[in-house]
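Let's walk through this structure together, one region at a time. Here are the sequence and the model to keep beside you as you read.

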Amino acid sequence: MKILRNSALLLIVGFMAWMMIHLYGQYESRDALNPVAEYYAVNGPEETGAANLVTSIVVTYRGLDTLGEVTILFLTAAIIGLLLRTEKGSRKKSVRESSEFLSTASGILIPVITLIGIYIFMNGHLTPGGGFQGGAVLASSFILVLLAISNKRIGHRLLDYTEAISGISFILLGILGILLAGGFLDNRILPLGNFGTLFSAGAIPVIYSLIGLKVGAELSNVILELNQIQGEEEEL
Amino acid sequence: MIQILLLIVMSVIMLVMAFIAIHHKSLQVAVIASGIISLFASVIYIFLAAPDVAITEASIGSALTVGIFFYILNKIRHEDIKK
């Protein structure tokens with residue numbers, strides 16, 4: 001049995017080595033971009049008005065994919081909420097107070113981290129980052145909120161409404177793109193403005209802010225669910 | 001030159017952390033080690049001129065994932081004590 005296993009391992013490693021040698025031998029670095037990338041690099045800034053090319057691709061050219069990603073994230077958050085659902089009465093918690101260090105430091109850190117998250121998704125069309133990154137930063141400041149203010153109950157309702165309203169407005173903006181401009185999620189429903197300023201690139205800052213709020217609310221909801229199941233069994 | 005050296009040092013630290021994450025006895029240490037892997041990976045992404053990916057990796061890999069793992073670990077430990 002051991003001989004069989006070892007020989008199978010040897011076979012796999014040999015096959016990997018053979019593939020790697022062939023890959024290495026056939027690799028040649030390209031001098032030019034491929035046609036699609038070249039189109040984006042040449043026409044992207046002009047057509048979308050966004051200084052950050054990645055954002056113009058993610059939000060405008062490949063906006064439908066972004067809608068799919070947001071939907072996947074929404075489904076994940078919804079399924080986690082469904083699986084971790086408990087009876088209303090059993091959610092009483094007996095947690096100890098958070099320490100002096102944590103509550104003092106988080107009082108300073110939470111506003112700063114939240115501000116960075118909002119900055120990241122509002123400036124998604126100018127600087128690196130965007131809705132998903134900003135939303136994740138917002139959710140990481142929400143972890144700190146939960147750790148510092150553990151004795152207060154934080155309601156789902158605000159997060160739920162934020163997520164629902166931003167998701168619906170995202171899709172409505174996309175449909176407005178069909179009606180007023182070239183297609184679904186076209187950013188030219190608003191004036192393109194001056195290249196490189198905050199209010200430029202048409203609807204991209206609005207769309208990315210909505211995505212940021214939605215992603216932040218979804219991830220915060222997941223963390224809130226996980227926080228609320230902590231130590232609930234001791235009560236029963 | 002110094003950039004390549006830095007990249008090599010960070011890669012070696014990531015490999016060591018990956019080894020710790022797999023083989024350490026305590027699960028808390030393993031979770032923190034995997035968070036450190038994400039942190040160094042995000043620095044490497046900045047060196048490789050991918051700041052968008054770096055922000056994602058830093059916030060999700062080393063903040064959110066570690067937080068979620070600790071919540072789950074805490075929950076599992078409570079269940080173990082009860083049994």
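**The core and the contact between chains**

In the largest nonpolar core, which has 43 residues, the members that touch the most others are A:Ala136, A:Ala139, A:Ile204, A:Ile207, A:Ile211, A:Leu219 and A:Ile223. Such a core is a set of buried Ala, Val, Leu, Ile, Met, Phe, Trp, Tyr and Cys residues joined through C-beta atoms within 7 Å. Buried means 20 or more other C-beta atoms within 10 Å of a residue's own, exposed means 12 or fewer, and partly exposed lies in between, with C-beta atoms placed from the backbone. This is a predicted model, where local features need pLDDT of at least 70 and side-chain atom pairs count only at pLDDT 80 or more, while totals for chains, interfaces and linings use all residues. Residues are numbered from 1 along each chain as its sequence is written, and chains are lettered from A and ligands numbered from 1 in the order in which they are written.

α8(A) gives the most to this core, with 13 residues. Helices here are DSSP runs (H or I, at least four residues), numbered from the N terminus.

Now look at where the chains meet: 19 residues from chain A and 15 residues from chain B take part in the contact, counted when C-beta atoms, placed from the backbone, lie within 7 Å. On the side of chain A that touches chain B, α6(A) gives the most, with 7 residues.

Finally, find A:Gly183 in the loop between α7 and α8 of chain A. A:Gly183 is exposed, because 12 other C-beta atoms lie within 10 Å.

Notes:
Two residues are in contact if their C-beta atoms, placed from the backbone, lie within 7 Å. Helices (H or I, at least four residues) and strands (E, at least two) are DSSP runs, numbered from the N terminus.
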